[in-house]
Amino acid sequence: MKALVLALLFLFIAANEAKVYSKCELARILKRNGMDGYYGYALGNWICMAYYQSRYNSRFVGPRTSDGNREYGIFQISSRWWCNNYQGPTANGCNKPCSGHLAFLTDNISADIACAKRIVRDPLRMNAWAGWKKHCKGTNLSKWTSGCRL
């Protein structure tokens, strides 16, 4: 019985571990989902941004702010503007909960991609992501897709 409980515990832990993508794995997924050139942003922008926002971690949750907002998933989608975490004010621009099986904390990043496409259509465009603005904007982004055989 003890062995069964331990086996179930290890399965639960393994099931809850985050998927951390490699640069090229993420690049292939984003390219397949139409992110290369989306709203004028080459694929390198998205890969660089995801690196600085979450280190390619699909289940990364940022720290809570004083008003209860957090950022979620591989692109660090803000609960203040883009998803609902039910813990603070939100505009919920992507019309999604921040967590759950159809939201931004799963290994399937299709919801993250759809919301990122929505965010980049907003007036701030990619400036909505502090990591992109600070580390990627105006830089040579070729290294973010080099060696990926896209």
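What share of the 150 residues in the protein is buried? Buried residues make up 41% of them. The model is predicted.

**Overall layout**

The protein has five helices and two strands. From the N terminus on, the elements run α-α-α-β-β-α-α. Take the contacts with a separation of 6 or more: residues 24 or more positions apart account for 52% of these.

**The nonpolar core**

In soluble globular proteins, nonpolar side chains tend to be buried together. Here, the largest nonpolar core has 40 residues. Which residues have the most contacts inside this core? They are Leu26, Leu30, Trp46, Phe75 and Trp129. Helix 2 (23–32), helix 3 and helix 4 (110–120) are the elements that give two or more residues to the core.

Leu26 is also one of the buried residues of helix 2. Leaving out residues up to four places away in sequence, Leu26 touches Tyr21, Ile47, Ala50, Tyr56, Ile74 and Ile109.

**Trp46**

Trp46 lies in helix 3, which spans residues 43–54. Is Trp46 buried or exposed? Trp46 has a relative accessible area of 0%, so this residue counts as buried. Its neighbours within four places in sequence set aside, Trp46 is in contact with Leu30, Met35, Tyr38, Tyr41, Phe75, Ala116, Val120, Met126 and Trp129. Another, Leu30, is a buried residue of helix 2.

The side chain of Trp46 also reaches a backbone atom: the oxygen of Tyr41, at 3.4 Å. Trp132 is 86 residues away from Trp46 in sequence. In space, the two are 8.3 Å apart, C-alpha to C-alpha.

Helix 4 is mostly covered, with eight of its 11 residues buried.

In helix 2, the buried residues are Cys24, Leu26, Ala27, Ile29 and Leu30. An α-helix has 3.6 residues a turn, so residues three or four places apart point the same way. The buried residues of helix 2 pack against helix 3 and helix 4. After helix 2 comes Gly34, whose phi is positive, near 75 degrees.

**Rings and charges**

There are nine aromatic pairs in the count. One of them joins Tyr41 and Trp46, and this pair is edge-to-face. Its ring centres are 6.4 Å apart, with 80 degrees between the planes. Another pair is Tyr51 and Tyr52. Their planes stand at 90 degrees, so this pair is edge-to-face, with ring centres 4.9 Å apart. Tyr41, Trp46, Phe75, Trp129 and Trp132 form one aromatic cluster.

| Residue | Relative accessible area | State |
|---|---|---|
| Tyr41 | 12% | buried |
| Trp46 | 0% | buried |
| Tyr51 | 26% | partly exposed |
| Tyr52 | 27% | partly exposed |

The charged end of Arg80 sits over the ring of Trp81, 4.3 Å from its centre.

Where does Asn84 lie? Asn84 is in the loop between strand 2 and helix 4. Why does Asn84 count as buried? Because its relative accessible area is 16%, and the cut-off for buried is under 20%. A polar atom of the Asn84 side chain lies 2.8 Å from the backbone nitrogen of Tyr86. Neighbours within four places in sequence aside, Asn84 is in contact with Thr90, Asn92, Lys96, Pro97 and Cys98.

Technical notes
Residues numbered from 1 in each chain as written. Predicted model: local features only at pLDDT ≥ 70, side-chain atom pairs only at ≥ 80, totals over all residues. Heavy atoms only, no water. Helix = DSSP H or I, 4+ residues; strand = E, 2+ residues; numbered from the N terminus. Buried < 20%, exposed > 50% of the residue type's maximum accessible area, 1.4 Å probe, protein only. Contact = heavy atoms within 4.5 Å. Polar contact = N/O pair within 3.5 Å; in protein donor to acceptor, adjacent residues only side chain to side chain. Core = buried A, V, L, I, M, F, W, Y, C linked by side-chain atoms within 4.5 Å. Phe/Tyr/Trp six-rings, centres within 6.5 Å; stacked < 30°, edge-to-face > 60°. Lys NZ or Arg CZ within 6 Å of the ring centre and 35° of its normal.
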